[in-house]
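Subject: Structure for your files

Hello,

The structure is below, followed by notes on what was found in it. Please keep the two together.

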Amino acid sequence: MTVQQTIENKLSTGFTPSHLEVVNESFMHNVPAGSESHFKVVIVSDEFAGKRLIGRHRAVNQVLADELANDIHALAIHTYTEQEWHTLQQQAPDSPNCMGGSGK
């Protein structure tokens with residue numbers, strides 16, 4: 001099973017989302033072809049209702065703790081309730097371009 005499939009399975013089980021996108025954005029970074037190290041997650045679940053953003057992100061990080069410790073270098077997390085998702089017209093923000101990581 002790929003890292004992307006593992007993320008999808010764990011988030012589906014952990015949150016029963018009405019919408020889930022797991023996008024491998026590794027190609028946007030300076031990594032070998034076929035890498036699975038940089039991901040964007042868009043997850044819509046009413047389990048996020050009443051939770052602050054930090055609590056939502058902590059919940060996602062907890063579900064993906066093993067992958068974050070071993071496989072994932074970067075994870076962009078976008079969490080919404082159904083109402084928030086519809087207000088945003090079902091669009092999550094685009095990820096920024098990679099700056100190369102050198103800080104220069």
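Helices (H or I, at least four residues) and strands (E, at least two) are DSSP runs, numbered from the N terminus.

This is a predicted model, in which local features need pLDDT of at least 70 and side-chain atom pairs count only at pLDDT 80 or more, while totals for chains, interfaces and linings use all residues. Residues are numbered from 1 along each chain as its sequence is written, and side-chain values use heavy atoms, with hydrogens and water left out.

The sheet is open, with three strands in the order 1-2-3 and mixed pairing; two strands pair if DSSP finds at least two bridges between them. Strand 1 (19–24) and strand 3 (74–80) are at the edges with a single partner strand each, so one side of each has no neighbour in the sheet. From one strand to the next, the twist averages 10°. Strand 2 (residues 38–44) and strand 3 run parallel and are joined by seven bridges. Val42 is opposite His78 in strand 3.

Asn61 belongs to helix 2 (residues 53–63). Asn61 counts as partly exposed because its relative accessibility is 32%, between the limits for buried (under 20%) and exposed (over 50%), with a 1.4 Å probe and protein chains only. Leaving aside residues up to four places away in sequence, Asn61 touches Leu68, Leu75 and Ile77. Asn61 and Ile77 are 16 residues apart in sequence, and 9.2 Å apart C-alpha to C-alpha.

Regards

Terms used. Contact = heavy atoms within 4.5 Å. Axes fitted to C-alpha atoms, helices over the stretch in contact; angles between N-to-C directions.
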